[in-house]
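I am opening my notebook on a new structure. I want to follow its strands one step at a time.

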Amino acid sequence: MFNASKYQPYHPIQLPDRTWPDKRIEHAPKWCAVDLRDGNQALLEPMNVAQKKRLFALLVKIGMKEIEVGFPSASQPDFDFVRALIEENMIPDDVTIQVLVQAREHLIARTYEALVGVKKAVVHVYNSTSIVQREQVFQQDKTGIKTMAVQGARWVKDYAARYPATHWEFEYSPESFTGTEHEYAVEVCNAVLNVWQPSATQRCIINLPATVEMTTPNVFADQVEYVIRHLNFREFVDVSIHTHNDRGCAVAAAELAIMAGADRIEGTLLGNGERTGNMDIVTMAMNLYSQGIDPELDLSDADEIIRVVTECTQLPISPRHPWFGELVYTAFSGSHQDAINKCLARRAENDPWQVAYLPIDPLDIGRDYQAVIRVNSQSGKGGAAFILQQEYGLNLPRYMQLALSPVVQAAAEKNGGEVKGENIYACLNEAFASTAHHIEHVRWDDQQGISAGVQIYGQRMLLQGKGNGPIDAFANALSQQLGCQIAVQSFDEHAIEKGNRASAAMYIAAKVNGQDCYGFARSENTLSGALAALLNAVMQKAAAPVAKASGE
Ligand code: KIV
Ligand code: ZN
């Protein structure tokens with residue numbers, strides 16, 4: 001059943017002197033959003049007028065200047081929506097609406113009725129030109145199909161003349177361009193342009209749709225370059241590209257088409273559209289942005305864009321969606337987390353962005369660093385440390401990171417999924433800051449040494465000792481009390497800047513009878529906090545004191 005011989009390869013065009021591979025994209029194209037037309041046509045439940053208004057408002061807000069708002073001759077809700085936009089004065093002066101229509105007179109007439117009173121608009125007319133459509137759907141030869149296009153162009157022009165108060169622009173699409181011989185596509189487009197006679201005051205748009213994406217993006221770029229080379233009135237014509245995503249390359253095809261000389265891109269936010277969707281404007285715009293090119297769209301509030309688009313289309317967004325997916329700035333792998341951590345820590349505020357595994361700064365689209373590093377069983381020590389830093393203001397020293405890592409790993413393996421910040425914090429406390437013992441009061445002076453009231457497993461005792469500083473003195477006192485050897489290896493503390501209550505975090509690495517142990521404490525009092533950290537560490541290895549040993 002699964003039999004590749006059923007299909008034939010696509011025949012690429014011969015364009016050995018192609019120039020596009022050496023070109024670079026240096027500025028944003030003209031964008032035209034087709035969410036409200038192509039996107040809407042592809043929905044299980046097309047948008048109602050309220051949803052269309054909401055999506056239109058979002059498109060305007062992000063800076064879209066050309067918006068295809070519907071197919072008013074084909075659907076009453078689309079007709080009503082166009083009327084609402086015009087009658088409720090919803091179209092800003094710098095935004096042009098566009099409507100789609102087939103090359104049929106009564107549909108063109110109805111389209112102009114929908115547009116009565118609009119200041120300016122693009123009327124987008126199309127007919128199918130591909131071999132398959134000519135032979136199997138329309139049963140017309142090349143001349144018949146070209147005549148259809150020319151007739152459509154005439155009607156579009158003639159009806160426009162009946163509404164002189166509006167500034168009209170015309171757009172023509174040889175629909176199914178990718179299934180059309182490129183020489184013939186040029187012939188049809190030029191025949192349409194001959195009717196419209198584009199000029200400086202009457203610009204036109206030729207839109208080249210990959211109605212179905214049939215081949216690799218380089219072949220599409222060759223086709224676009226070929227058409228552009230042979231198009232009449234080129235200086236007064238915007239060449240527009242409209243790619244669908246059947247092979248998953250709609251964005252790549254659009255990018256190469258811009259390199260091949262196209263001026264304008266039609267697409268949708270997050271790529272909704274027929275079958276696999278339209279070219280995703282978010283992806284292409286973010287691709288530009290990440291190369292230092294202003295996409296001339298404001299995509300800084302990714303979550304609002306996602307909310308509006310998904311609620312209007314009722315289609316979810318993949319967590320792996322380029323640039324905007326929930327997981328695309330997240331690292332679970334330990335080595336990735338370490339690299340991200342190091343790059344972020346070394347980065348000064350105005351440095352160019354150079355962070356391993358993060359092609360852009362997630363803050364630019366309204367994501368915080370909190371989501372960047374998430375911990376599961378694939379993560380190493382860096383991830384848990386990063387999260388404790390971000391969420392709790394704790395800067396764990398390396399020995400503490402190493403000690404915490406297996407504890408978090410065990411938690412991740414036990415629950416099988418993600419370990420959230422609060423669980424990591426709980427791991428830290430359970431393993432290194434037991435509640436079974438406390439420092440109740442403490443006094444230190446250079447002459448007298450340490451005097452600390454402690455409670456260990458419910459027993460209160462007063463520990464006294466001398467040493468080289470309070471921690472050393474306390475270690476000596478503890479070691480006498482518990483009958484073990486205690487050697488402090490490292491001690492670190494830092495203030496915690498969270499909320500308005502100042503507190504400090506203390507970390508200690510020690511050896512009890514030669515065995516490693518680690519302690520952590522948080523306290524508003526740095527002296528008792530340091531002793532608590534040591535007590536926490538020591539009690540992991542030392543036996544509980546016997547009741548009679550000492551009493552306060
Ligand atoms: O995909 C397509 O060919 C279209 C045209 C109507 C432009 O949506
Ligand atoms: Zn389309």
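In which sense do β2 and strand β3 pair, and over how many bridges? I looked it up, keeping in mind that this model is predicted. β2 and β3 (residues 96-102) pair in the parallel sense, over four bridges.

Next I checked single positions. E66 has T96 as its bridge partner in β3. G70 stands opposite V99, again in β3.

Then I looked at the other neighbour of β2. Strand β1 (residues 30-33) pairs with β2 in the parallel sense, over two bridges. Here C32 has E66 of β2 as its bridge partner.

Is β2 buried or exposed? Five of the five residues of strand β2 (residues 66-70) are buried, so the strand is largely enclosed by the rest of the structure. For this I took buried as under 20% relative accessible area.

I traced the link from β2 to β3. β2, helix α3 (residues 76-87) and β3 make a right-handed β-α-β unit.

Now the wider view. The strands form a closed barrel of eight, in the order β1-β2-β3-β4-β5-β6-β7-β8, with parallel pairing. Neighbouring strands in this sheet are turned by 25° against each other on average, direction ignored.

My last entry is on another helix. Where does helix α4 (residues 105-114) lie? Helix α4 lies across β3, β4 (120-128) and β5 (167-175). It runs at about 160° to β3.

Technical notes:
Residues are numbered from 1 along each chain as its sequence is written. Chains are lettered from A and ligands numbered from 1 in the order in which they are written. This is a predicted model: local features need pLDDT of at least 70, side-chain atom pairs count only at pLDDT 80 or more; totals for chains, interfaces and linings use all residues. Side-chain values use heavy atoms; hydrogens and water are left out. Buried means under 20% relative accessible area, exposed over 50%, partly exposed in between (1.4 Å probe, protein chains only). Two strands pair if DSSP finds at least two bridges between them. A crossover is right-handed if, with the strands pointing away from the viewer, the path from the first strand over the helix to the second runs clockwise. Axes are lines fitted to C-alpha atoms, for helices over the stretch in contact, and angles run from 0 to 180 degrees between N-to-C directions. Contact means heavy atoms within 4.5 Å.
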